[in-house]
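Hi,

Here is the structure I promised to pass on to you. Please have a look at it, and below it you will find my notes.

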Amino acid sequence: MSEHLIPLGRRERAKEDKRRRIMAAAGELFAERGMTGVTTQQIADRADVAIGTLFLYASTKAEMLIMVQNEKFAAAIDDGLAAAEAAERSDATTRDAVLALVGPVVACIREQPENGRTYLHELVFGDPTEPHRREGLALSVRLEDGLVRTLTHDSALTSADAVTLARVITAIIHISTTATIYLHRTTGEVLDDIRLQISAVLPRRPFAASTMATA
């Protein structure tokens with residue numbers, strides 16, 4: 001039995017090594033040139049794998065982008081959730097806690113505007129059964145759930161309100177980071193605009209004041 005386990009382990013390690021090389025190569029090229037400026041052959045060449053091997057991990061360039069962006073999106077959500085929790089422990093307003101969560105996510109999407117825009121478009125309009133898209137959609141749900149949890153700390157908001165507002169905020173993020181008319185804006189300008197929109201729909205009381213009101 002051990003004679004069969006050793007080769008399997010080696011194959012798995014080889015597959016993981018190729019995956020890491022492909023991810024690194026794709027990430028570098030997409031960052032340097034944007035999605036439209038990169039070919040799958042260039043990714044394969046930089047990763048030092050055959051083009052057929054590349055397609056074992058992602059069947060299209062769009063899926064390759066999603067695979068790369070999913071890792072960045074997941075890290076940005078982690079950072080945002082941690083920032084929101086820190087805000088909730090202070091005298092921050094509901095709006096400030098939400099903005100703390102949203103900030104890293106918007107920065108991630110805007111790091112390379114073309115890539116971020118394509119990534120969100122592919123998640124919304126692509127095949128939801130494709131594994132990388134399914135993972136990206138699960139991350140979007142995680143972001144929305146994080147917004148709901150943050151919003152429900154405000155006693156003035158019902159659970160239903162929190163769910164609705166979380167959807168509104170994710171729609172604001174999507175439109176503000178993908179609409180063609182806004183592509184010329186800097187990340188700071190996009191964040192300022194998102195801040196104004198969120199301010200229009202969220203209360204500004206400190207969490208502490210909201211909690212005390214129900215005591």
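Ala 86 sits in helix 4; helices here are DSSP runs of H or I with at least four residues, strands are runs of E with at least two, and both are numbered from the N terminus. With a relative accessible area of 37%, Ala 86 is partly exposed (buried is under 20%, exposed is over 50% and partly exposed lies in between, with a 1.4 Å probe and protein chains only). Its C-alpha atom is 8.9 Å from that of Ala 100, which is 14 residues away along the chain.

A word on the source: this is a predicted model, where local features need pLDDT of at least 70 and side-chain atom pairs count only at pLDDT 80 or more, while totals for chains, interfaces and linings use all residues. Residues are numbered from 1 along each chain as its sequence is written, and side-chain values use heavy atoms, with hydrogens and water left out.

The protein chain has 10 helices and 0 strands. Its C-alpha trace spans about 65 × 50 × 25 Å along the principal axes, and 43% of its 215 residues are buried.

Two loop residues may interest you. Thr 39 lies between helix 1 (2-33) and helix 2 and is partly exposed, at 39% relative accessible area. Thr 39 and Ala 26 are 13 residues apart in sequence, with 9.6 Å from C-alpha to C-alpha. Asp 48 is in the loop between helix 2 (40-47) and helix 3 (51-57), and its relative accessibility of 62% makes it exposed. Most residues other than glycine have a negative phi. Asp 48 is not a glycine, yet its phi is positive, at about 60°.

Next, the aromatic rings. Searching the whole structure turns up 1 aromatic pair, where rings of Phe, Tyr and Trp (its six-membered ring) pair if their centres lie within 6.5 Å, and planes under 30 degrees apart count as stacked, over 60 as edge-to-face and the rest as tilted. The partners are Phe 73 and Tyr 119, edge-to-face, with 5.6 Å between centres and 80° between planes. Since Phe 73 belongs to helix 4 (residues 61-88) and Tyr 119 to helix 6 (residues 113-125), the pair ties together parts that are 46 residues apart in sequence. Phe 73 is buried at 3% relative accessibility, and Tyr 119 is buried as well, at 1%.

Helix 5 has a kink of about 30° at Val 102, shortly before Pro 104 (the bend is the angle between axes fitted to the seven residues ending at a residue and the seven starting there).

Finally, the largest pocket has a volume of about 210 Å³. Of its 14 lining residues, those closest to the centre are Leu 120, Ser 140, Leu 143, Thr 170 and His 174. At least two lining residues come from each of helix 5 (94-110), helix 6, helix 7 (131-151) and helix 8 (159-178). For the method, a pocket is an open set of points on a 1 Å grid over the protein atoms alone, where a 1.4 Å probe fits, with protein on both sides within 12 Å along at least five of seven lines; lining residues have an atom within 4 Å of a point. Points are joined across faces, edges and corners, and the volume is the space filled by probe spheres set on them.

Best wishes
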